[in-house]
Amino acid sequence: MLGNMMSGQLLISGLIEHAEKYHSDAEIVSRTVEGPIHRYTYSEAAKRSRQLANALEKLGLQEGDTVGTLAWNTYRHFELYFGVSGIGCVVNTVNPRLFPEQLTYIINHAENQYLFIDLSFIELVESLESELEGVKGYVILTDKEHMPDTKLNNAMCYEDLISCESDEFTWPEFDENTASSLCYTSGTTGNPKGVLYSHRSTILHAWIVSSGNVAKVSSSTCILPVVPMFHVNAWGIPYAGAMFGAKLVFPGPALDGASVYELIDNEKPDLLMGVPTVWLGLLQHLNETNQTLDCVETALVGGSAAPRAMIQEFEEKHDVFLMHGWGMTEMSPLGTATSRTKEMEDLDIERRYDLQQKQGKAFFGVNMTIADDYGNELPHDGVAFGRLLVKGPTIVERYYKAEESAMDENGWFDTGDVAKIHPEGYMEIVDRSKDVIKSGGEWISSIDLENAAVGHPGVAEACVIGVLHAKWDERPLLLIVKAAGQEPSKEDINTFLEDKVAKWWLPDDIVFVEELPHTATGKLLKTGLRKDFKNHLINK
Ligand code: ADP
């Protein structure tokens, strides 16, 4: 028997309409690409999203068409999230940090009809234009005054495009399962893969992320998402902000420690969001200038594991709770977080850091387990570890345009991570399945070793890879970038690690390097290193 309730559709246009009605004066502040700080309210954002919707329809866009963006976190990008999805089109937020071949692949694969680009990316797009197949025009996200000379065909100015349009527009009603946005994984091997979100999955994810056990978003919250809007929709925060009328502070192109701190100091956010490398830059700036983060309560960190030393520094120097979030493009992206619980506050501080270092408990709506290579589920006892499997309404069912499903025969999506699940529910990433080091049939976690090594004051960044070994198949090799002005020796580091990891985990060698390669989303890029150092121990 079906229930007797209405079946209103969960649509992204509903978010901005709600914000306009109930949080019209809440602010959205942006550092613009042109330089100055721009501020306006949800009420103005809603009006301009409707002007944009009118303009998009005049360009001939129809339901299901795709529009690409190459843009920083600013109010104009925010309007595109609502204007494009609101009319039933799909916004494809392209990560401009990818290689040119990947950008061309994504723009063509997504069949973007128009590209909306920030001033910073004009040269980049000009260099790709001859390879772009279906793009009919380029809208530069700026005003007349800053409109540059560009070789791009059919280049338009965003402010001109929308300013002549009416701010009256009735958002269409359609099925909540309609596609709304499209993000591609950064694809360290092979071509990037597209994940096509729906209005329903986006709204459910925003609701979940805003909840009390996660980001606690409300009309009293002020959020600074340093995580880019081109990286999995800035973890859903633009939608969550509109859902609850939170003040949003967009950092534009300036993601260095000093610029981020300036925004924090002026706008007083209580919640920050970003990947560990961004927080490293901020902490370094705070140390150099002797400043503290007075207003911030929580910093959500995700994308890679946050080292214990970072959790500790946020807590002890700035009284900021570093909340670990874990997820991936395929999961909209967040799936777990280590919320600050009452139980955690009562713990001895070292034990609390142990919990904060884990990736956290699954949210309602995210079903999670671990399995061995044959698909047998493993116990959630904090000891067994295996392939981390997930299912739920905010998780990919198939990649964009793929014929086959992304799920296994039991409906699970294999995350590619190896993890433990503790009896109380905390999930702990052991490694990426391709990064784990298989030494004589036993597994060594490269992440645990890296985290232990960065605790040494002489280490700025650490990377552990498995390299060939005559007896054990693979053994860990530790690559280190020294901290500025420090000269740690191999012996120092080995001694430091001795009481932090099992003896047989200790790296077989340590190599000091000038820098380490990263992916477009800030993760260590280990494929090239594995190739370069493959025979390091054999030849030694
Ligand atoms: P891409 O690099 O394609 O953007 P994602 O951002 O989707 O990839 O990355 C997903 C992967 O990042 C996860 O499968 C996991 O390995 C890693 N990851 C994300 N968050 C964390 C975290 N808090 N701790 C450890 N690893 C993480």
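Between domain 1 and domain 2, about 1,100 Å² of area is buried, and carbon and sulfur atoms give 72% of that. Buried area here is the accessible area, taken with a 1.4 Å probe, that two parts lose on being put together, summed over both. On the domain 1 side, His109, Lys193 and Ile208 lose the most area to domain 2, together 36% of what that side buries. This is a predicted model, in which local features need pLDDT of at least 70 and side-chain atom pairs count only at pLDDT 80 or more, while totals for chains, interfaces and linings use all residues. Residues are numbered from 1 along each chain as its sequence is written, and side-chain values use heavy atoms, with hydrogens and water left out.

As for the domains themselves, the assignment gives domain 1 (12-254), domain 2 (362-432) and domain 3 (436-539), with bounds that come from an automatic or database domain assignment. The centres of domain 1 and domain 2, taken over C-alpha atoms, sit 30 Å apart. Across the boundary, 15 residues of domain 1 are in contact with eight residues of domain 2, contact meaning heavy atoms within 4.5 Å.

Next comes the ligand. There are 17 residues around the ligand, and Ser186, Gly325, Thr329, Asp417 and Arg432 come nearest; a residue counts as near if one of its heavy atoms lies within 4 Å. Strand 14 (residues 321-327) gives the largest share of this shell, four residues. Strands are DSSP runs (E, at least two residues), numbered from the N terminus. By type, the shell holds three nonpolar, eleven polar and three charged residues; Ala, Val, Leu, Ile, Met, Phe, Trp, Tyr, Cys and Pro count as nonpolar, Asp, Glu, Lys and Arg as charged, and the others, Gly among them, as polar.

Gln359 places a polar side-chain atom 3.0 Å from a nitrogen atom of the ligand. The protein covers 92% of the 570 Å² of accessible area that the ligand has on its own, with areas from the Shrake-Rupley method and a 1.4 Å probe.

Lastly, the backbone. Most residues other than glycine have a negative phi, and most peptide bonds are trans. The bond from Ser332 to Pro333, however, is cis, with omega near 10°, and Pro333 is found in the loop between strand 14 and strand 15 (334-337). Asn154 has a positive phi, near 50°, and lies in the loop between strand 6 (137-140) and strand 7 (155-157).

Notes: Polar contact = N/O pair within 3.5 Å; in protein donor to acceptor, adjacent residues only side chain to side chain.
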